[in-house]
Amino acid sequence: MAGPFVILGGGPCGLAAAWHLARRGARPIVLEREDLVGGLCATHERSGWRFDLGGHRFVSGDVELSRWIEGLMGSELLERERRSVVLHDGRCFRYPLEAVDLVRNLGIRESAEAMVGYVRARVGRGRGAMGGAEPRDEASFEDWVCARFGRPLYARFFGPYTEKLWGIPASRISADWAAERISLLDLKDVALRLVGLRRTPTRTYARRYLYPRLGMGQLYAVVAEDIVRRGGVVRTGVRVVGLEVDGRRATAVRIETERGAERIPVGELLSTVPLPDLVRMLQPELPGDLDRATAALRFRALTFLNLMLAREDFSENTWMYVASGALRTSRIQEPKRRSPSMAPAGRTSLMLEMPCDLGDDTWRAAPGDLRERGVRELGALGFEVNDVLDAFCVRVPHGYPVYHRGYDRDRRALLGEVERFANVRTAGRQGLFRYVFMDAAMRMGIRAAEQMLDGQRDGKAIDAIGRSSRLVETTALTA
């Protein structure tokens, strides 16, 4: 059996890979930068209050993966039901958006404006949609949505939220994001469903899900413990500073810890760190095109404001999406809705998700200032919050890969560079620069582990995972 097997990153993908390797008798070494395992699925605890990094839940069509998780967690795994809404202009819309609810909440006048906008968009596309010439270019998110829903609905719902989420104009965001996340075909589809003339199912959103009693991070803590029990190594608080390369093979990982610098030999390497970072470690001096592609691929950062409240409940909703582009908050989560153990008895809490960029005013804001901003924005949404007992912030530099126009060309260029190295694989959300869900990331890790054990490499097989799932969870404000 080849080795040593080294894995960069202790999130869902990396830990699933390490667990599969350990189960097969190998002794993987996991190197995680943070003090907690779980990556973007970690759970932070403060005096009995628990907060995830976002709103994660376990939903998978992979029977074997589900059985593994259920067997590992036992009675600590709860079955829950998601209830989500969209808050917009003083109104509350069901999430995912539903045709009847959408029209009812918009009212006759706004619904009529939306339909007029839709007709104008169809005319603007020429005869392509009616059976004739090809429609105009739809390379951007803005074009894709306007062509199918009209500009009024784009301006009211899709545009402001999307630009807040990504931090760039929707005209610069790839239409891939819309095509992947919006389940209804267009406003005509909405109208047909409204009057009962179309009943074919839209993309399926899983409402029931599995969730660990003490937060999603509990799952990955248990996985890490099982890896160690089987002979593997999971190291946290480790910063990877470089790779040693000999020809077309990575031979060692250079790390820094509280005890100083170390060198870890590599036989087979799986990376789940951001793809641009991996490419620069493999080849510090990149040619022009690759250097440009590496610089172009960027991630949207996230700031999580966690509020502990002196009340028993806040709302009946798991998630509340904030559509307004005037507010920094994009989503509000009440962790207690996922598990009663996420807050002390008789108390509840809120997590406000604020997309941002490294170095901007949200990223640099002091916790006290963010607390004031969060309470003020809750007030603007109609929620009076004057019972905050405590608050703290958690910041994530690599939250969402930004699907700029042309991102896939840049992504594929970097993946091609990784393929040049015979013992290096990349997987997961950051590693593939793809917005993948937790179960897909775990399946990627298991597939990568199988390749490592067999001495094979097939990056396309890993990248294909999660592309055809009918179970959809989304952070974008989509139908």
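Leaving aside neighbours within four places in sequence, with which residues is F141 in contact? The legends below take up this residue and several other sites in what is a predicted model.

**View 1. F141 and the nonpolar cores.** Once its neighbours within four places in sequence are left aside, F141 is in contact with Y154, F158, T162, A170, I173, S174, A175, W177 and A178. F141 also belongs to the largest nonpolar core, a set of 121 residues, in which L31, I69, F141, Y220, V253, L269 and M442 touch the most other members. Helix 5 (residues 141-166) supplies the largest share of this core, namely twelve residues. Another core, of 20 residues, lies apart from it and includes L309, I332, M354 and C393. In soluble globular proteins, nonpolar side chains tend to be buried together.

**View 2. Helix 2 against helix 15.** Two packed helices are described by the angle between their axes and the distance between the axes. For helix 2 (residues 63-73) and helix 15 (residues 438-454), the axes come within 11 Å and cross at roughly 100°, and the two helices are therefore roughly perpendicular to each other. On the helix 2 side the contact involves L65, W68 and I69, which meet D439, M442, R443 and I446 of helix 15. Sorted by class, the residues of this contact are five nonpolar and two charged, with no polar ones.

**View 3. Helix 2 against helix 8.** Helix 2 also packs with helix 8 (residues 216-229), where the axes come within 10 Å and cross at roughly 85°, so that helix 2 and helix 8 are roughly perpendicular to each other. Here W68, I69, L72 and M73 of helix 2 make the contact with Q218, L219, V222, V223 and D226 of helix 8. By class, the contact of helix 2 with helix 8 has seven nonpolar residues, one polar residue and one charged residue.

**View 4. N423 in its loop.** N423 is placed in the loop between helix 13 (407-419) and strand 19 (424-426), and, with a relative accessible area of 0%, N423 is buried, because buried means under 20%. The side chain of N423 reaches the backbone oxygen of G267 at 3.1 Å. Apart from its neighbours within four places in sequence, N423 is in contact with R248, R249, A250, V266, G267, E268 and L269.

**View 5. Two loop residues with positive phi.** Most residues other than glycine have a negative phi. S47, in the loop between strand 3 (43-46) and strand 4 (49-52), has a phi near 50°, a positive value in a residue other than glycine. F433, which lies in the loop between helix 14 (428-432) and helix 15, likewise has a positive phi, near 50°.

View 6. The loop between helix 15 and helix 16 (459-463) holds D458, which counts as partly exposed at 36% relative accessibility. D458 and A448 are ten residues apart in sequence, and their C-alpha atoms are 8.5 Å apart in space.

Methods:
Residues are numbered from 1 along each chain as its sequence is written. This is a predicted model: local features need pLDDT of at least 70, side-chain atom pairs count only at pLDDT 80 or more; totals for chains, interfaces and linings use all residues. Side-chain values use heavy atoms; hydrogens and water are left out. Axes are lines fitted to C-alpha atoms, for helices over the stretch in contact, and angles run from 0 to 180 degrees between N-to-C directions. Helices (H or I, at least four residues) and strands (E, at least two) are DSSP runs, numbered from the N terminus. Angles under 35 degrees count as roughly parallel, over 145 as roughly antiparallel, 65 to 115 as roughly perpendicular and the rest as oblique. Contact means heavy atoms within 4.5 Å. Ala, Val, Leu, Ile, Met, Phe, Trp, Tyr, Cys and Pro count as nonpolar, Asp, Glu, Lys and Arg as charged, and the others, Gly among them, as polar. Buried means under 20% relative accessible area, exposed over 50%, partly exposed in between (1.4 Å probe, protein chains only). A polar contact is a pair of N or O atoms within 3.5 Å; within protein, one must be able to donate a hydrogen and the other to accept it, and residues adjacent in sequence count only if both atoms are side-chain atoms. A nonpolar core is a set of buried Ala, Val, Leu, Ile, Met, Phe, Trp, Tyr and Cys residues joined through side-chain atoms within 4.5 Å.
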